[in-house]
There are 2 protein chains.
Amino acid sequence: VKISELSTASGVSIASIKFYVREGLLDAGERVSATRSTYSDSHAQRLRLIRALIDIGGLSVSATKAVLAAIDGPDTPLSWVFGAAQYAISSDLPRAADVHGGHSLGATAVADLVERRGWTVSNENPGVATVARVLDSYAELGQHEFVALIDRYADAAEGVAAADLDAVGQRPDLEAMAETVVIGTILGDALMAGLRRIAQEHVARTLYDSAVDYPTPTRRTQEDPSEGEES
Amino acid sequence: VKISELSTASGVSIASIKFYVREGLLDAGERVSATRSTYSDSHAQRLRLIRALIDIGGLSVSATKAVLAAIDGPDTPLSWVFGAAQYAISSDLPRAADVHGGHSLGATAVADLVERRGWTVSNENPGVATVARVLDSYAELGQHEFVALIDRYADAAEGVAAADLDAVGQRPDLEAMAETVVIGTILGDALMAGLRRIAQEHVARTLYDSAVDYPTPTRRTQEDPSEGEES
């Protein structure tokens, strides 16, 4: 199809399509004349993936490029795709070694958790630093209840990871598995955050027998002008 | 203590402390002379909460202000704090009604899920729209495996929400419960994302008997200069 048709079908502007080609995210169309190129279903499929990573995964263009490169590598082992996908969405988080030199309360709690559960995890796993940092924040904020409940959160995480890997294992070949790792890792955080909010409301209603009130758009954005001048 | 001491103890600059006071996030210090105010432990505690919401929760200053207002309201019911906290970190997500008019494949799948599990959930719950949108993306990307596994993710989310509410229930009074709702909702997403990455590596190693390779900082940031010029 023509670029204008690809744009209409995908909802992505012609300028954006050209930008993705220039940045190496999307293959160029097949040139059929001096002024015209043609695009196939694989272009449309790739555009959907690019938009999902950017719009829902919240990735930057350069992070998207790194993730797509991991999918595309013909000899990329699955283990490397996992690492690349996890890193792409954790790049703003500190590495384990940066978190209080690895000796904070949170870092110790994660190490204990990993040993207690018999998990095999490398220290470069970005989750290690993330969890250590969150546990440190809970402790600093006096929220010791969450630290004590860590094994119940770990139970849930094991269930999530087992489902993630089941989805990956159902794909026909390594390239498809790599794509599923990337999409599942990046969209999966949003899925779990959403399901958690739904389940929180249900459990809160069950325990406290009261409805959860959601802000209306008006209440949500109102600011009290007496609270301080803008600066 | 003096503002300079509060700054040193908290690691927050004097300029930022003054900004938070001006914006109404932090109470002003008690004025002890024409040029000097004094700050207490409650200021230090509040500063830790503000920094956690901004640094780890990724909230904007105005979203932080809205969440703090929900905690501070003396008559704020717990149900309203829940809603406010959930909304503050979901404000960039569409509401349920915006997602394909509520009639997409994903929206139908969420409605079916909620009914199948006997969950009591209002349609304004931001999780409903989030989950619908992620499921729509999975379907558009041909990742039907994830949609078929939704109940296993829902099992995990129920476990997470039950632990969340247990933590809230252990707090001594409504104000402390409200604070725990906010902190737990906002930091809990990061906690679960981190635990999921750790558990993914463990499960991947168990299933495929191979290590997960993480990018070194060098590999992580390298770009292939042959892939296209910058624009």
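Reply: Happy to; we will take the labels in turn, keeping in mind that this is a predicted model.

Me: What is A:Met192 in contact with, leaving aside its neighbours within four places in sequence?

Reply: Its contacts are A:Val160 together with B:Tyr153, B:Ala156 and B:Ala157 of chain B. As for A:Asp27, 165 residues away along the chain, its C-alpha atom is separated from that of A:Met192 by 32 Å.

Me: Which residues have the most contacts inside the largest nonpolar core?

Reply: That core has 126 residues, and those with the most contacts inside it include A:Tyr138, A:Tyr153, B:Tyr153 and B:Leu191. Helix 10 (residues 174-208) of chain B gives the most to this core, namely 15 residues. Setting aside neighbours within four places in sequence, B:Leu191 touches A:Val131, A:Val134, A:Leu135, A:Tyr138, A:Ile150 and A:Tyr153.

Me: Nice. How do you know that the span of helix 4 (residues 61-72) of chain B agrees with what it should be?

Reply: At 1.5 Å a residue, its twelve residues should span 16 Å. The end C-alpha atoms are 16 Å apart, so the two values agree. Among the buried residues of this helix are B:Ala63, B:Val67, B:Leu68 and B:Ile71.

Me: On to the rings: how many aromatic pairs are there over all chains?

Reply: The count comes to four.

Me: What makes the pair of A:Phe19 and A:Tyr20 tilted?

Reply: Their ring centres are 6.0 Å apart, and pairing asks for centres within 6.5 Å, so they count as a pair. Their planes stand at 55°; stacked needs under 30 degrees and edge-to-face over 60, so the pair is tilted.

Me: And how do you know whether B:Tyr138 and B:Phe146 are stacked or edge-to-face?

Reply: Here the centres are 4.5 Å apart and the planes are at 20°, under the 30 degrees cut-off, so this pair is stacked.

Conventions. Residues are numbered from 1 along each chain as its sequence is written. Chains are lettered from A and ligands numbered from 1 in the order in which they are written. This is a predicted model: local features need pLDDT of at least 70, side-chain atom pairs count only at pLDDT 80 or more; totals for chains, interfaces and linings use all residues. Side-chain values use heavy atoms; hydrogens and water are left out. Contact means heavy atoms within 4.5 Å. A nonpolar core is a set of buried Ala, Val, Leu, Ile, Met, Phe, Trp, Tyr and Cys residues joined through side-chain atoms within 4.5 Å. Buried means under 20% relative accessible area, exposed over 50%, partly exposed in between (1.4 Å probe, protein chains only). Helices (H or I, at least four residues) and strands (E, at least two) are DSSP runs, numbered from the N terminus. The expected span of a helix is 1.5 Å times one less than its number of residues.
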